[in-house]
Amino acid sequence: MEERNEISVELSALSALVGGISRQTPYGVPVGYFGDLPAKVMSRIASQSTTFQVPDGYFDGFATQVLARIKAGSVAEEELPPVFSRISRVMPYQVPEGYFEELSPVLAVLRDKPVYTVPQGYFDELSSVLTVAQDRSTYQVPDGYFAELPKRILETVAAPVTAAKVIPMRHELMRSDGGKVLKGHWWKYSSVAAIAACLLLIFSWPQADTKNTGGVMTLDVAQALQKVSDREMQAYLDDQHSILAEPANTSTATLDMNEGEVKSLLGEVSDDDLQQYMEEHGKADDLATN
Amino acid sequence: MGVTIQDTELLLQFRDPATREKAFTAIIKKYQEKLYWHIRRMVVEHEDANDVLQNVFIRVWNGLENFREDSQLYTWLYRIATNECLSFLEQQKRKSSVSLDETESGLSNKVIADKYFDPNKLEWKLQLAIQQLPEKQRVVFTLRYYDEMPYEEMSRVLDTSEGALKASYHHAVKKIEDYILNR
């Protein structure tokens with residue numbers, strides 16, 4: 001009653017108009033509807049529960065029954081209901097007369113005639129080719145190659161290192177307009193410096209055969225180069241000159257530099273060094289500058 | 001308090017297979033009218049209300065054994081009835097492939113088609129106004145206005161906060177007033 005009063009007060013505050021309307025729902029209900037409803041509902045519940053019935057304990061023995069039947073083999077004929085004994089096993093469907101007689105020759109032809117054919121004697125010829133190929137290796141090795149191989153490897157390993165491999169380069173620097181800028185000995189000294197740098201790198205590697213000074217592996221390059229005579233060095237540079245002098249299209253590496261790049265390159269060389277170089281190699285045909 | 005005890009007793013009887021059907025019949029008799037009118041106000045036609053109500057009781061039968069009694073039976077029944085109503089209306093919408101507005105006008109047409117319909121009576125105007133409301137507001141208004149349900153209990157039925165329910169009710173009353181005044 002308290003709740004009802006509260007609701008009425010709340011509704012009147014919100015809308016006096018709505019609060020004044022009768023709470024009687026105006027819809028009608030068939031006579032005796034509520035009297036019959038419980039029985040109707042119980043009837044539906046009963047029909048719902050009796051739609052599918054399973055005997056008590058059916059699922060308890062189900063697995064055992066199935067296994068027993070599997071062990072006994074397929075369903076025995078005598079287990080079929082008696083009505084099946086009165087039914088003929090002849091199929092009631094009809095086939096046009098002579099259907100199978102017409103069908104079978106077609107199938108027989110197809111069976112005896114493969115879709116893909118092979119030229120006569122193909123496999124015989126193929127096998128002889130394979131036999132020859134089996135005995136004959138495609139690549140040939142000189143006689144005694146493998147017998148001598150260990151010896152050759154040992155000789156190569158034991159031989160002293162005389163010179164490191166140098167990547168051949170064009171010894172002439174060309175201007176962008178095609179004119180010669182530098183040629184000759186300037187590159188020879190650059191090559192020597194590169195060789196020295198390579199040797200330094202190789203021998204400063206920790207596994208290299210070098211002296212250990214305080215845990216850091218070092219190499220006295222100057223000392224090593226002192227052992228090389230001027231003649232040997234000149235002979236080596238002459239060899240390199242012949243490689244560097246090869247035409248540009250056969251060279252493995254070319255260097256096309258414009259005027260600005262050359263100036264930039266020479267900018268790193270001190271005036272004293274340039275002066276010394278000019279005194280030693282300052283012939284007119286060795287150097288063409290603008 | 002007495003009602004709660006009675007529900008408890010009915011539930012005990014329901015759990016005993018020997019008295020199950022008798023207990024359930026008693027539950028139907030006790031709540032059928034309240035639930036029927038709650039459903040009828042939502043679906044309008046008696047035949048639809050009858051179908052929905054029977055489905056509600058069948059659901060209750062199937063679920064009552066697992067009813068945990070952490071809410072009142074009355075609340076639980078209203079919850080099932082409301083959900084069943086909304087499902088029914090959703091099915092009707094899908095069957096007719098019409099928009100929500102058209103469904104609401106369809107419900108208004110059902111009100112007008114009732115053999116007792118009298119356009120001059122405020123009670124009928126109120127029914128037409130209720131059918132204009134969105135579903136949620138319609139449920140809240142009918143539970144509060146006709147079933148006099150406290151917000152706290154309504155909150156358990158509809159799984160909505162009391163504040164939101166109060167706001168819904170407020171909007172519903174204003175819309176109804178507007179409808180009655182301007183039609």
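Among contacts in chain A between residues at least 6 apart in sequence, what percentage join residues at least 24 apart? The figure is 62%, where two residues are in contact if their C-beta atoms, placed from the backbone, lie within 7 Å.

A quick note before the views: this is a predicted model, in which local features need pLDDT of at least 70 and side-chain atom pairs count only at pLDDT 80 or more, while totals for chains, interfaces and linings use all residues. Residues are numbered from 1 along each chain as its sequence is written, and chains are lettered from A and ligands numbered from 1 in the order in which they are written.

**View 1. Chain A by its elements and burial.** Chain A comes to 12 helices and 4 strands; helices (H or I, at least four residues) and strands (E, at least two) are DSSP runs, numbered from the N terminus. Of its 290 residues, 4% count as buried, meaning that 20 or more other C-beta atoms lie within 10 Å of the residue's own, with C-beta atoms placed from the backbone.

**View 2. Where chain A touches chain B.** Here 27 residues of chain A are in contact with 33 residues of chain B. On the chain A side, the elements giving two or more residues are α1 (2-14), α2 (16-19) and α3 (33-50) of chain A. The one that gives the most is α3(A), with 9 residues. By class, that side of chain A holds 16 nonpolar, 6 polar and 5 charged residues; Ala, Val, Leu, Ile, Met, Phe, Trp, Tyr, Cys and Pro count as nonpolar, Asp, Glu, Lys and Arg as charged, and the others, Gly among them, as polar. For the model, ipTM is 0.79 and pTM is 0.49.

View 3. Among chain B contacts between residues at least 6 apart in sequence, 60% join residues at least 24 apart. As for confidence, the mean pLDDT (the predictor's confidence in each residue, from 0 to 100) is 89 for chain B, and 93% of its residues reach 70 or more. Confidence in chain B is lowest in helix α5 (residues 100-113), at a mean of 76, and highest in α3(B), at 95.

**View 4. Helices α2 and α3 of chain B.** The axes of α2(B) (residues 20-43) and α3(B) (residues 46-63) come within 9 Å and cross at roughly 140°. Axes are lines fitted to C-alpha atoms, for helices over the stretch in contact, and angles run from 0 to 180 degrees between N-to-C directions. That angle makes α2(B) oblique to α3(B); under 35 degrees counts as roughly parallel, over 145 as roughly antiparallel, 65 to 115 as roughly perpendicular and the rest as oblique. Residues making the contact include Phe24(B), Ile28(B) and Leu35(B) of α2(B), and Val52(B), Phe57(B) and Trp61(B) of α3(B). Sorted by class, the contact has 12 nonpolar, 2 polar and 2 charged residues.

**View 5. Helices α6 and α9 of chain B.** With axes 9 Å apart, α6(B) (residues 122-132) and α9(B) (residues 162-182) pack at an angle of about 125°. That makes α6(B) oblique to α9(B). From α6(B), the contact draws on Lys125(B), Leu126(B), Ala129(B), Ile130(B) and Gln132(B), and from α9(B) on Lys175(B), Ile176(B), Tyr179(B) and Ile180(B). These split into 6 nonpolar, 1 polar and 2 charged.

Terms used: Buried ≥ 20, exposed ≤ 12 C-beta atoms within 10 Å, placed from the backbone.
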